[in-house]
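Please look through the sequence and the structure shown here before reading on.

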Amino acid sequence: VNGVAELHTQLIRSRLVPDFAELWPERFSNRTNGVTPRRWLASCNPELAALITSRIGGDWARDLDQLRRLEPLAEDADFRHEVQRVKLRCKQRLSQWISRRMGVWIDPEALFDVQVKRLHEYKRQLLNILNVVARYRRLKDDPAADFPARVFIFGAKAAPGYARAKLIIKLINEVARVVNDDPRTRSRLRVLFVPNYRVSIAERIIPAADLSEQISTAGMEASGTGNMKFALNGALTIGTLDGANIQIRDAVGPENFFLFGLTADQVAERRGRHDPWEVYHRNPYVRAALEAVRTGEFSPRDPGLFAPVFDWLMYDGDPYLLLADIEGYMEAQAQVDALWRVPDEWTRRAILNIARVGYFSSDRAVSEYARDIWNISPLPIVLPSELQP
């Protein structure tokens, strides 16, 4: 029995099948997921790949731990400037593609805040869009509010019969429609739901991301690999202690990761005892966002359309603990805003993310499976040109 992240393995042993883990401990192992650097850096982000190769050679594509050699370059002002230029070009290309496909212009100089993954309540795209609504209402109330320009990019698909997930997709799109059409805020706040999200679109979005949203309820994500792809391409992560986030944060350094939220143990303890009304009454920004959704601000032709969203959170017990984590999430987003205003420091931390994620290579994961689980040895690949006549 294999867990695909350290937390996942612990939860399998302690919660899912503890009796079996006690009977046969040797049958349980951890092999954390990985991503292939050939597709998720060399192919999808060739400019960054070329820049890295120009400084440390090309062996990193087959031995991702070689990226460690970039670490001293985080202190090199010229290298930081080159990384910034590459990121900006990636964002310009994505902006042009979105303009052609969706008819929406986004400023490449803005912070690109990205959550692209399967739509599920535990992944908490709803937490993200509630924060967007709170930010929008604060900008409406106070146009001078000190928020840097930010573009929130969503991409997801929902299972065919998953009605709640589809209503969340509808909410994100309706929030986008209102926010993007508001002349008071659209220069500083944009929202996009990219249609028909898939791998080929991920290859466009991930190189352009500045911030990676990995905000699932702690204890519910087995591992995740999007978090690895974003960090490999120089995005900073805002996230919970869930799945492989824990190991990524340990690898890149806690100071280079925006952490918030309950731990898996705290989630287990709070379930059934969490009172969402406490947060509703305590936090005016949260309350305003929830009321905007409930009262039809984003569905004027059908004011009750999103009332069920309010009901899930306030009357159905908030099972994924969005309101237990939302204040910490907002505080972490304020830290994001503050760091974004210091571009050199942001880029320094982005470089350290790239340099320190070598462990999360699929080459390492597959090698561990081969050596420790399948008991097979690697064979050399002989190219046709190398065969003897």
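## The cysteines

Cys44 counts as buried, because its relative accessibility is 12%, and this value, like the others in this report, comes from a predicted model. Cys90 is likewise buried, with a relative accessible area of 6%.

A disulfide is a covalent bond between the sulfur atoms of two cysteines. The count of disulfides in this model comes to zero. Cys44 takes part in no disulfide, and the nearest cysteine sulfur to its own, that of Cys90, lies 8.3 Å away.

## Overall fold and dimensions

The chain contains 17 helices and eight strands, and its C-alpha trace spans about 75 × 55 × 40 Å along the principal axes. For 389 residues, a compact globule would have a radius of gyration near 21 Å, and the 22 Å of the chain agrees with this.

## Interior, surface and charge

Of the 389 residues of the chain, 53% count as buried. The chain exposes about 17,500 Å², of which carbon and sulfur atoms supply 52%.

The chain carries 53 positive and 50 negative charges, and the mean positions of these two groups are 5 Å apart.

Notes. Residues are numbered from 1 along each chain as its sequence is written. This is a predicted model: local features need pLDDT of at least 70, side-chain atom pairs count only at pLDDT 80 or more; totals for chains, interfaces and linings use all residues. Side-chain values use heavy atoms; hydrogens and water are left out. Helices (H or I, at least four residues) and strands (E, at least two) are DSSP runs, numbered from the N terminus. The radius of gyration is taken over C-alpha atoms; the globule rule is 2.2 Å times the number of residues to the power 0.38. Buried means under 20% relative accessible area, exposed over 50%, partly exposed in between (1.4 Å probe, protein chains only). Accessible areas come from the Shrake-Rupley method with a 1.4 Å probe; for residues, only the protein chains shown count as cover. Lys and Arg count as positive and Asp and Glu as negative; His and the chain ends are not counted. The place of a charge is taken as NZ of Lys, CZ of Arg, CG of Asp or CD of Glu. A disulfide is a pair of cysteine sulfur atoms within 2.5 Å.
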